[in-house]
Amino acid sequence: MPRITVIVDGVTYEEDVEPRVLLVHLLRERLGKTGTPIGCDTSNCGACTVLLDGKSVKSCSVLAVQADGCDVVTIEGLGTSGSMHPMQKAFHEEHALQCGYCTPGMVMAAIDLLRDDPDPSEETIRQGLEGNLCRCTGYCNIVRAVRKGAQEMGQAVSTS
Amino acid sequence: MIPAQFDYERPASLAEACQALAEDDEAKVLAGGQSLLPLLRLRLAYPSKLVDVGRLDELKGVHDRGDHVFIGAMATHDEVMRSPAVTSGCPLVAMATSHVADPAIRHRGTFGGSLAHSDPAGDLPAVVLALDGVFVARSAQGEREIPAAEFFVDYLESSLAQGEILAGVKIPKLGDGWGFHYEKFHRTAQAWAIVGVAAAVRRSNGAITEARIGLTNMGPTPLRARATEAALRGVELGDAVRQACEQAAEDTSPPSDLHAQPDYRRHLARVLTHRAVRTAAGSP
Amino acid sequence: MTVQEVGQPRRRKEDARLLTGRTQWTDNLTRPGLLHVMFLRSPMAHARIASVDVSAARGLPGVVAAFSGQDFAAEQGSLPCAWPVTEDIVIPDHPPMAVDEVRYVGEAVACVVATDRYRAADALDAIEVEYEPLPAVVDMNQALAPDSPKVHEAGNKAFNVTITSGDVEAAFRDAPVVIDRTYVQQRLIPSAMEPRAVMADTDGESFTVWSSTQIPHVLRVMLAVVTGIPEHRIRVIAPDVGGGFGSKLQVTAEEVLCLLLARRLGKPVKWTESRSEGNLTVHHGRDQIQHVRLAADADGRIRGLQVDLLADMGAYLMLVTPGIPMLGAQMFNAIYKMDAYQFGCTGVFTTKMPTDAYRGAGRPEATFAIERVMDELAAELGMDPVEVRRRNWIKHEEFPYTTISGLTYDSGNYEAATEKALALFGYDKLRAEQADRRDRGDPVQLGIGVSTFTEMCGLAPSRMLGEANYGAGGWEHASVRMLPTGKVEVITGTSPHGQGHVTSWSQIVSDALGVPFDDVTVLHGDTAIAHKGMDTYGSRSLVIGGVAVVKACDKVKEKARRLAAHLMECSPDDLEFAAGAFKVRGTEQQRTIQELAYAAFTAHDLPEGVEARLDSDATFDPDNYSFPHGTHLCAAEVDTETGMVKIRSYVAVDDVGTVINPLIVEGQVQGGIAQGIAQALFEEAVYDADGNLLTTTMADYLLPSAADLPNFTLDRTQTPATSNPLGVKGVGEAGTIASTPAVVNAIVDALRPYGIHDIRMPCTPERVWRALEGVRR
């Protein structure tokens with residue numbers, strides 16, 4: 001059984017894994033990182049989105065062995081203790097979640113989207129989130145939240 | 001949601017990877033995994049072994065090689081669509097790649113993996129076919145080049161032999177005067193193309209001098225709209241273009257599925273080809 | 001001065017946990033020694049089970065047990081149907097695991113229990129099942145033909161109902177205009193983002209079931225009834241639940257079987273479905289063929305309406321399957337006055353997944369049909385569709401109004417909502433643009449769709465449920481407990497799964513008791529904590545459960561008043577309650593509710609007959625349904641070359657009565673509109689002629705992403721309900737009910753000059769193109 005090393009939310013793990021184990025199952029079942037949920041089996045819903053070496057991926061679509069040596073950030077690794085990431089705060093402020101199941105993936109995808117475009121238009125946000133499905137919100141407030149999160153992250157950059 | 005068991009190998013070189021594949025008929029290449037993993041999760045494929053080529057430097061990168069752009073098989077979609085070599089040397093590839101799946105999948109999915117998967121509904125095969133790309137395959141026997149017209153054999157079937165790995169694709173640069181457009185028609189942003197049209201059009205003094213048109217999802221393989229290409233040669237923009245595009249569905253055998261019957265796909269091919277050609281020709 | 005909490009856009013208390021991944025989805029939960037269950041499911045729509053051999057699976061590594069339906073035959077009972085809508089309804093036996101015969105693709109035929117889910121998945125491959133195929137029954141009309149193969153021994157008709165009010169024959173006789181249409185409500189897959197999951201454990205005597213359910217209380221009762229395990233030995237917990245939309249208003253095979261497995265093995269077991277498993281086996285929604293006839297005068301006044309439904313039950317009757325079309329029975333007449341109405345419905349068995357509640361449940365179907373027909377009437381008369389509605393709707397001064405179908409609408413103002421919506425939408429300007437595009441022969445045509453809807457919600461007055469032969473009441477329960485330090489614990493019988501009850505209930509309690517919003521906590525979804533409840537569905541939680549909270553607060557205040565009077569040595573009548581304190585009128589003397597809570601806790605000086613607790617319980621059972629309404633307007637662009645539809649703008653003005661939290665109300669409306677649009681444009685569960693579901697994954701069953709929807713413009717009118725003290729009407733389903741006909745009306749409006757008067761849902765580009773091809777020929 002291959003042994004892999006992977007950093008998740010700042011902690012280094014060494015794990016023996018069957019080659020077929022999906023990254024999302026490694027996170028959830030082995031490492032207790034249940035903040036990242038599973039919503040489908042065809043890579044459509046995006047609920048399991050995490051950052052792999054800084055870029056968004058669907059963790060159901062990566063084998064744990066493929067993540068060997070990589071750095072993974074999940075929804076649980078955002079922000080600092082006691083303080084949410086500006087994007088999480090923006091989702092709260094704009095009521096961008098209802099049941100919350102898609103939320104971890106949506107937040108991770110939103111953060112990734114801003115790497116490219118720190119000040120995205122509504123259209124850019126809608127296109128950028130095409131891989132993440134939400135059944136509750138109708139997306140209006142998610143789009144607003146990403147705009148707000150972008151502004152606040154921009155300010156955080158400019159004042160630091 | 002749970003793949004069946006398989007062995008896993010992560011060879012250190014392309015040569016080793018070819019060897020590993022040649023040894024096992026049931027082994028499959030793992031590139032970015034964005035087409036393969038869904039098949040494994042739904043247990044629609046039971047490979048004995050996955051040979052992970054995702055980390056082979058030999059397969060990575062996008063290289064401007066003067067008369068062509070060489071896109072390494074393991075270049076991710078995200079890298080390809082942002083690569084200056086691609087956006088300047090073969091912009092049609094960048095345009096179509098930006099339509100592939102969604103951002104997270106484009107971070108993992110690879111140019112070579114997508115093409116080797118040979119899904120006629122994928123956005124890239126028709127583009128590479130339209131641009132007369134040349135596939136470079138490696139095996140224990142060495143390297144061979146496969147013209148795009150010979151690469152796509154059937155539905156989900158390429159002309160790569162077992163033991164052969166796609167190393168990259170040469171996309172010839174077209175000269176001056178060319179315009180490009182990829183027109184994708186789908187019901188939702190996530191859905192596969194019902195029909196897609198990749199158009200490269202060259203104009204000179206107001207007339208079209210050459211057109212290349214690739215069709216997505218109009219048959220078991222990507223297709224060229226040859227009759228339309230021929231009919232477009234020498235025509236001025238206007239009604240003549242529309243007439244030429246009326247032949248876009250000739251010699252196609254579009255599939256029937258949940259989203260469209262063949263006659264509708266043929267109709268779409270004609271309408272979308274006209275739109276793609278007009279846009280590529282700079283006449284929106 | 002304290003700010004009134006009700007009406008404030010409070011940010012949700014629920015969010016922090018959900019945003020940081022500290023969630024309690026059922027699949028996140030574990031127990032020491034937890035075993036994983038997976039089900040083998042029938043690939044056949046209809047077959048006799050000749051044999052099931054699980055022996056090879058039993059021998060595989062990590063496999064603890066494997067069972068077939070035969071192994072459960074003696075103990076599994078039959079899944080319940082709680083709504084026998086007629087006396088002669090056919091309710092077939094519905095074993096949680098098929099024993100002799102399978103009747104839809106996806107029905108469980110065997111299961112494995114293993115140490116982890118990977119081993120369990122492998123073991124499924126080792127089970128051998130022999131099927132003897134029987135003919136599939138897929139189409140409702142064919143199912144009713146005399147020579148159709150039978151789904152059940154008793155035949156394919158589950159029930160038939162006819163309800164008549166007024167002289168229908170007279171209404172249609174010599175009517176200047178009769179509109180006769182047939183609409184298809186396609187089958188939908190609810191697609192809550194969290195797939196179902198169940199965990200069950202036992203200490204040998206008692207059982208705990210964790211389930212991703214909307215109805216922990218109903219589930220507990222039903223698990224007891226089905227399995228024979230005494231109710232007091234079953235505890236049901238609905239932890240964090242990731243959406244439901246009616247799909248988790250069910251007593252499922254998997255819940256029963258996991259409970260039985262925990263009992264049989266004496267170990268904790270968990271099952272989590274995959275999405276493709278869920279598409280097959282989470283109950284589906286809608287699926288009706290609606291034959292609608294409307295008679296009108298030449299000036300557009302409706303004379304009568306006749307509705308004849310075929311409703312696809314699927315293979316079995318589940319919890320409220322037959323009740324779903326009946327929830328629409330009194331809604332086809334909608335907001336319109338008429339002289340006569342007839343409703344007929346036949347429930348039909350087919351070899352498909354059973355249908356049951358999906359957001360709106362019967363009311364979207366009814367609203368769709370009437371709102372489509374109103375547009376057809378307008379077109380027939382050459383009248384503006386808004387004007388034809390105006391001529392028929394109940395005027396605001398006519399409330400309360402008893403409709404032809406027998407409901408009494410307590411309140412509403414359709415004029416106000418419509419005027420506001422028309423102004424926001426820019427109706428006249430869009431009509432002008434539409435005319436211009438028509439004149440120019442623009443390949444992209446513009447259509448305008450209107451939907452002036454109402455719904456009956458707040459399910460429901462128990463008396464009315466009894467009259468409808470429903471198996472339970474519609475009351476709701478709440479407890480309010482003042483803690484010694486003055487904080488407040490609220491226990492609600494509703495079971496939220498995204499609706500934000502914790503926040504809204506806190507706002508209600510904050511105003512009622514005069515305590516800070518942050519001092520209130522709300523507990524729910526665990527039958528050991530919230531011991532009484534009727535759960536969450538049918539836009540009922542606020543209208544009934546929220547009111548129960550108010551009633552419980554009232555009782556707390558009454559106790560507190562007696563205590564305060566005792567402590568301040570005055571008569572209770574001398575006290576006035578404001579801003580969280582009882583003041584002796586005309587003096588500065590007061591006791592805050594917190595002080596009184598502490599006094600009750602210490603119990604050092606209690607008056608005669610006052611217990612040492614400032615707690616209370618209340619149930620609320622309304623006298624009537626509530627009737628939210630609204631006007632939705634949609635502008636759609638239709639590309640006549642490709643058939644592609646694009647929504648250009650969407651305006652919704654809803655009247656949901658008093659608004660507790662405008663953020664939450666808007667969120668509900670936005671999400672509802674998106675789901676309704678999705679029915680109009682994207683979604684359909686498709687079965688082939690052999691009864692195979694073709695849309696088993698999210699790659700085939702198309703759900704809209706952010707990239708596929710526009711922004712919506714929302715506004716409100718507020719006409720408080722008179723049927724409850726909060727004046728609230730419910731908002732969970734409004735958007736879904738209103739938006740589907742608004743969108744289809746817009747599409748048909750765009751295509752009307754071509755002679756097209758309907759497009760079947762979902763209005764795919766191909767269907768639009770074929771309709772155009774049909775008239776071009």
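This is a predicted model: local features need pLDDT of at least 70, side-chain atom pairs count only at pLDDT 80 or more; totals for chains, interfaces and linings use all residues.
Local features need pLDDT of at least 70 and side-chain atom pairs count only at pLDDT 80 or more, whereas totals for chains, interfaces and linings use all residues. Residues are numbered from 1 along each chain as its sequence is written, chains are lettered from A in the order in which they are written, and side-chain values use heavy atoms, with hydrogens and water left out.

Side chains of opposite charge can pair when their charged atoms come close. A salt bridge is taken here as a side-chain nitrogen of Lys or Arg within 4 Å of a carboxyl oxygen of Asp or Glu. By this rule there are 104 salt bridges over all chains. Helices (DSSP runs of H or I, at least four residues) and strands (runs of E, at least two) are numbered from the N terminus.

In chain A, A:E94 and A:R144 form a salt bridge with an N to O distance of 3.9 Å. A:E94 sits in the loop between α2 (86-93) and α3 (103-116), and A:R144 belongs to helix α5 (residues 140-159), 50 residues apart.

The closest N and O atoms of C:K487 and C:D519 are 3.2 Å apart in a salt bridge. C:K487 lies in the loop between β19 (476-482) and β20 (488-492) and C:D519 in the loop between α16 (501-513) and β21 (520-523), so the pair ties together parts that are 32 residues apart in sequence. Relative accessible area is classed as buried under 20%, exposed over 50% and partly exposed in between (1.4 Å probe, protein chains only). C:K487 is partly exposed at 36%, while C:D519 is buried at 16%. The second salt bridge joins C:R716 to C:E666, with the closest N and O atoms 3.6 Å apart. C:R716 lies in strand β28 (residues 713-716) and C:E666 in helix α19 (residues 662-681).

Turning to the interface, the contact (heavy atoms within 4.5 Å) takes 34 residues from chain B and 34 residues from chain A. Buried area is the accessible area (1.4 Å probe) that two parts lose on being put together, summed over both; for chain B and chain A it is about 2,700 Å², 53% of it on carbon and sulfur atoms. B:M1, B:R108 and B:Q190 supply 22% of the area that chain B buries against chain A, more than any other three residues. Four salt bridges cross this interface. A:E130 and B:R106 also form a salt bridge, their closest N and O atoms being 3.9 Å apart.
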